Amino acid sequence: MMKRLLAVLATVVAVAGGIATTAPAASAAAKNGLCESGEFCLYFGSDRTGSLVDFVNTQRSYGSGGSCVKFIRAGAGQNSCVQNNAASAWNRSGKPVSVFYNSDFGGVYDVIPNNAGPNLNDNVRKDNASHIIGDASLRFPLNATQAQVKNRPTPWCWNNKTNCHHDYNAADIFAATGTVVVSPVAGEVMTVRGGSSTSGATATVKDAFGRLWFFQHMDNNPGPSVTPGQRVAKGDRIGLVGTRAHAMNTDPHLHIDMRVGVNERVSCTGAQCAGYGFVNNQPLLRTAFLERP
Ligand SMILES: [Zn+2]
């Protein structure tokens, strides 16, 4: 009897302890100038000095001008815009955080591990424009080895960190017809289209950060292996790289591009796409490529 009572008491204590340990995270208030458990914080100065701003969410833009997100805590830099002004960080979010050079999670970046409080690297120190709280990394979108991609007649510019698509921000990754196209992210399939005999099949996948990934020049027969509304994991098959005709009389390739905050890929081709806010993903794609065998 005594033993049983003790067991019940132990359960009560364990539950109460659980509540007590989660309470600080639940009370974390964004943008109050305190870097609390559950938050990601940016500092105006190096080594976590000067003013700070604290976030609980992913931020695709800090804004500029009078309505910008500002450093809050008293100290050097207080009331300055966060964009292009952060020198160090403290990641208490419980997840990895990626800080990007461009808004909408584009360009070169720095990954801050959970519980780390480093100075930002040279890519984004005082050049920060957005961040993702969570795993922003990509799976390379083709089941091809590095050698298979490098040995194409006109290889993809795999070593570039700047955009090297022929017009707007995108990538043309040359690969043999029949190479398996996979999702670079976990997300939801938004659209699947059979496409024409000249441009091939297309699909889009939207991830948890609002990034809409578009895949083009895939084979029509067999067509894409996904359907709208389907959930996919990183590395799940989308379709196959199409024939020469499906890449509009260039060497066969996967065209991939990305925009944030939309559910459908805008209908545009070539230079007319330049004004639509497509994002430079070369640095993320390059990192994913270098993880291939
Ligand atoms: Zn292209």
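Q: Before we look at this one, when do two strands pair?
A: Two strands pair if DSSP finds at least two bridges between them; the model we are looking at is a predicted one.

Q: OK, and what is the bridge partner of F40 in β3?
A: The partner of F40 in strand β3 is N91. Strands β1, residues 40-43, and β3 run antiparallel to each other and are joined over four bridges.

Q: What's the order of the strands in that open sheet?
A: The open sheet has three strands in the order β2-β1-β3, and their pairing is antiparallel. Its edge strands are β2 (52-55) and β3 (88-91), each of which pairs on one side only. On average, and with direction ignored, neighbouring strands of this sheet are turned by 15° against each other.

Q: Which residues does C41 touch, leaving out those up to four places away in sequence?
A: With those left out, C41 touches C35, L52, V53, D54, A89 and W90.

Q: And which residues have the most contacts inside the largest nonpolar core?
A: C41 is one of them, together with A89, I173 and F215, in a core that has 68 residues. Strand β11, which covers residues 211-218, supplies the largest share of this core, with five residues. Both domain 1 (3-133) and domain 2 (146-290) contribute to the core, with at least three residues drawn from each.

Q: Switching to the domains, how far apart are the centres of domain 1 and domain 2?
A: Taken over C-alpha atoms, the centres of the two domains are separated by 32 Å. The contact between them involves 10 residues from domain 1 and 10 residues from domain 2.

Q: Which strand gives the most to the domain 1 side of that contact?
A: That is strand β5, residues 106-112, which gives four residues to the side of domain 1 that touches domain 2. By residue type, this side of domain 1 divides into four nonpolar, four polar and two charged residues.

Q: One more topic: where is A147 found?
A: A147 lies in helix α2, which spans residues 146-150.

Q: Is A147 buried or exposed, and why?
A: A147 counts as exposed because 9 other C-beta atoms lie within 10 Å, and a residue is exposed if that count is 12 or fewer.

Q: How far is A147 from K126?
A: The C-alpha atoms of A147 and K126 are separated by 37 Å, while the two residues are 21 residues apart along the chain.

Notes. Residues are numbered from 1 along each chain as its sequence is written. This is a predicted model: local features need pLDDT of at least 70, side-chain atom pairs count only at pLDDT 80 or more; totals for chains, interfaces and linings use all residues. Domain bounds come from an automatic or database domain assignment. Two residues are in contact if their C-beta atoms, placed from the backbone, lie within 7 Å. Helices (H or I, at least four residues) and strands (E, at least two) are DSSP runs, numbered from the N terminus. Ala, Val, Leu, Ile, Met, Phe, Trp, Tyr, Cys and Pro count as nonpolar, Asp, Glu, Lys and Arg as charged, and the others, Gly among them, as polar. Axes are lines fitted to C-alpha atoms, for helices over the stretch in contact, and angles run from 0 to 180 degrees between N-to-C directions. A nonpolar core is a set of buried Ala, Val, Leu, Ile, Met, Phe, Trp, Tyr and Cys residues joined through C-beta atoms within 7 Å. A residue is buried if 20 or more other C-beta atoms lie within 10 Å of its own, exposed if 12 or fewer, and partly exposed in between; C-beta atoms are placed from the backbone.
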